Amino acid sequence: MQSRAVENPLLRHGAAALFYALGFVLLRQVSFSYWVLFAGYRLTVLLLVPRRYWPALAVGELGPLGYTAWLCMDDFGGTWSAIMMVPPIALAMPVVHLCRERWQLFQGRHNVRISILLLCALACSLVWTLANLAAVSVSIKPVGYPPMDYPLLAGRWLIGNYLGVLTVAPLALMIREVWQLTPAHDRWTRLMDSRLFLESALGLLPVLMLLAWIGGGGMGEQARQVARMSMFIPVVFLALRHGWYGVAIGGTMASTAVVFTMPAAFDPGTMQAEVLIAFTISTMMMFGARISVLNRRDLQERLDARQTLALAQRTLFLGELRMRQTAMAIEQVRGSIQQTSNLMLERLRYTVPTAEERQYRLQTALNQDQLFRLSDNLHPVSWRQRGLPAALREGAVARTLEAAGVRYTCDIEGRGLSQLSPGIHLVLYRTIGEIAGSLCGERDVSGIHVRLRGGAFDGRRWVVMRIDGHRDETAARSVRWGELMQGLATTSTGLDAIRDQVALFEGQVRERRIARGSRISLILHNPE
C-alpha cells in the first residue's frame, strides 16, 4: 500500500509542491530586501530537483504568493496583485534550464562549474529584481507618498537577491557533492576528521561571532563598519585553504554575521557591507574553483604515486616469493641428490678402493654445501622457519661474514618489527647484504654492527636501521676477502640502488663518517 502511494506521480508532485511551499514560507519570515534567503532557496531547488517537478514547484510557490496578493489587494491594487500572482520561480526556470543543459552547469555528476553558477545567480537575481520593480511601479500609492527612488530599490533588491543566492546555493551544492562522493558508512568519520569542518567550527565561527558582537554591540558606527568590512578576511582564508568549499561555508557565515550587525531596517551601512561580502564571495568562488582544481589534481597525483609505489612493492614482494620458491626447489633437489649419492656410494663401497670412496664422499659433501649456500642466499632457512630476527642474526650474511673473519653483531630494539609488512622485511634483509658488500668492497673492514629499532607514530609503524662498518687495517689483513665476496654474492651496485629500494617505502638513506669507520642509516615507513 505504501509503495503504491510512493509510485503515484500525482502524490509525488503534490508532496514536492507542499514541501517547497513550507520551506518558502519559513524562509520568508527571516528575509528582507537586503537579504533574500528564499531567493537562494528557490534557485537551489531549481538546480537540484529534476525538471519534471518544476510545474509542482511553481504551484507550491503560487499558494503563499496568492494568499499575500489577496490580503494586500485593497492596499496596492488589482494590477499589483495580478503581477504578484506570477511565481518568480517560473521566471527563473528558462535561465536555470539554459545553465543546466546548454552551458553544462554540472560537469558529470559531481563537478560544478562555478562561473556558470555565478552567472545563473546574477541573471536570476536580475529577473526577480525586475519583477519586483514592475509590481511596485503599478501599485497604488497613498496620497502624499514620496516619489519612489527606483535606482535605490533596484540596487537594494538586486544585492538582496544575489547575496541570498550566494548564502544558500553554494553551501547546498557543496553538501550535495560531498554527500555523493563520500560512502554512507564513512560520512560521520570523514566529517569529524575534515580540516574544513574543524577550521570552520573552531576558527571561523568564533571570529565571526566576535566581529558580529563588535559590530552590533553599540561601540559606534566606525567600529561597526570596521567589523563588517573585516568579515571578508575569513572567507579569503578558507578559499586559499580549501577552494570553493571554503568559500561556500565562509560566505554563508559571513553574510549571516553581517545581518546580525544591522542596527535598523534599511541601514545604508549594512548594504555597503553586503556589497563587499557579495563581491568577495563572487571573486573568491572563482578563485577557489581554480584552487579546488589544483587541489584535486594534487590529490590525484599523490594517489597515482601511492598506487605506483604499491605496484612496485607488490612486484618486489612477488620477486621475493619466486626466490623463496626457487630456494625450496633447490632444497628438494639437494635432498634428492643426497639420497641418490648415498645410494650410489653404498653400491660402490665394495667395488672401489677406500681412498677413492672417501674422495667421492668428500666431493658429494662439497656439492651439498654449495647447493645449501645457494638456497640460503636466495632465501635463508632461518627466515622461513623463525622469521626476520633469526635471519638477521644467524642468516647467510651473518654466517658468511663470521666465516671469513669479519665480526658481525645485530641488535634489535623497540617493538612491532613483526607487524611490519613482508616487503619491509625483505628490504631490510637484502639491504644488509648489499651494504655489507659495499662496506667490504674496499677490503679494510674488520667488523660490522647492525642495529634495528621499530616504533609507531600517528598510527603508522616505522623502522630505523643503522649499519656501522669498523675499519681496522691490522684485523682486516686476516680476513679472507675472496671467500667473503663470493659468499655474499651481492650485486654491489652502491648506495644508489639501496636508495631506490628504500624509496619504495617512503624511506631515506644517509651515509656519514664516524671514528675509524663509516655509518649508513636508513628509515622505512610501513605502507598505508
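This note goes through selected features of the model, point by point.

1. Basis. The model is predicted, so residues are numbered from 1 along each chain as its sequence is written, local features need pLDDT of at least 70, side-chain atom pairs count only at pLDDT 80 or more, and totals for chains, interfaces and linings use all residues. Side-chain values use heavy atoms, with hydrogens and water left out.

2. Thr 280. This residue lies in helix α15, residues 268-348 (helices are DSSP runs of H or I of at least four residues, numbered from the N terminus). Thr 280 is buried because its relative accessible area is 6%; buried means under 20%, exposed over 50%, and partly exposed in between, with a 1.4 Å probe and protein chains only. Apart from neighbours within four places in sequence, Thr 280 is in contact with Phe 232, Val 235 and Val 236, where contact means heavy atoms within 4.5 Å.

3. Tyr 150. Helix α9 (residues 150-181) holds Tyr 150, which is partly exposed at a relative accessible area of 31%. Neighbours within four places aside, Tyr 150 contacts Leu 133, Val 136, Ser 137 and Lys 141. Gln 300 is 150 residues from Tyr 150 along the chain, and their C-alpha atoms are separated by 51 Å.

4. Nonpolar surface patch. Trp 188, Leu 191, Met 192, Phe 197, Leu 198 and Leu 202 make up a nonpolar patch with about 600 Å² of accessible area together. Patch residues have over 30% relative accessible area and no salt bridge; nonpolar side chains (Val, Leu, Ile, Met, Phe, Trp, Tyr) are joined within 5 Å, like charges within 9 Å. A salt bridge is a side-chain nitrogen of Lys or Arg within 4 Å of a carboxyl oxygen of Asp or Glu. Areas are from the Shrake-Rupley method with a 1.4 Å probe, and for residues only the protein chains shown count as cover. Helices α10 (187-193) and α11 (195-216) each supply at least two of the patch residues. Met 192, in α10, is partly exposed at 33% relative accessibility.

5. Aromatic pairs. Rings of Phe, Tyr and Trp (its six-membered ring) pair if their centres lie within 6.5 Å; planes under 30 degrees apart are stacked, over 60 edge-to-face, and the rest tilted. The count by this rule is seven aromatic pairs. Phe 32 and Trp 35 have ring centres 6.4 Å apart and planes at 45°, so this pair is tilted. Phe 32 is partly exposed at 28%, while Trp 35 is buried at 7%. Tyr 20, Phe 24, Phe 38 and Tyr 41 are linked into a cluster by ring pairs.

6. Charges over rings. The charged end of Arg 176 sits over the ring of Phe 106, 4.7 Å from its centre, and Arg 187 lies over the face of Trp 179 at 3.8 Å from the ring centre. The rule requires NZ of Lys or CZ of Arg within 6 Å of the ring centre and within 35 degrees of the ring normal.
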